[in-house]
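Keep the 3D view open as you read.

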Amino acid sequence: MAVGDSQFQLVTFQLGEELYGVDIMDVKEIVKIQNVRPIPNAPYYVEGIFNLRSEIIPVISLHKRFRITQVSHDEEDDDESQGGFIILNIDGIKIGIIIDRIARVVPVRAEEVKPPPQMLSGIGTEYIHGVIHQEAGGYLIVLDIRRLFNPKDLQKLIGADR
């Protein structure tokens, strides 16, 4: 989210029972669940790596990082709403995060984003850009992926897959 922008777009997705969003400018693509190979001695929240068109992408479980229970998918769920990976591009480094369901892209005005409460669903506020109250009730939690994946952590991840 560029500072000073009055409007931006969020890619929204479900993790557990909560709805989250990341800036669309940080999203490279969304892919279906892939086979992930574990990485020895990786941090607890790293699921492993997978090959996406000859590019090795580390995969992070925000469920583990935030201590959220993963939603189980029913057979009657349609393929479009099922889980997958959001591929983020953080300062030139690609990383996949596991999601339970993709929601949609939503336009957001900067003034709609409110500071996060001190503690929200067990997630430290340092990883949250803000929250947006939704008309249907509930909140959309806007993640700050640059704080969530700091450069030192990213360098360790991309070094672990080599």
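Are Phe 50 and Phe 85 buried or exposed? Both are buried (under 20% relative accessible area with a 1.4 Å probe and protein chains only, whereas exposed means over 50% and partly exposed lies in between). This is a predicted model, in which local features need pLDDT of at least 70 and side-chain atom pairs count only at pLDDT 80 or more, while totals for chains, interfaces and linings use all residues. Residues are numbered from 1 along each chain as its sequence is written, and side-chain values use heavy atoms, leaving out hydrogens and water.

**Aromatic rings**
- The whole structure holds five aromatic pairs (Phe, Tyr or six-membered Trp rings with centres within 6.5 Å; planes under 30 degrees apart are stacked, over 60 edge-to-face, the rest tilted).
- Phe 13 and Tyr 20 are stacked, because their ring centres are 6.1 Å apart and their planes meet at 20°.
- Phe 13 is buried, at 0% relative accessibility, and Tyr 20 is buried with a relative accessible area of 0%.
- Phe 50 and Phe 85 make a tilted pair, with 5.0 Å from centre to centre and 40° between the planes.
- Ring pairs also link Phe 13, Tyr 20, Phe 66 and Tyr 127 into a cluster.
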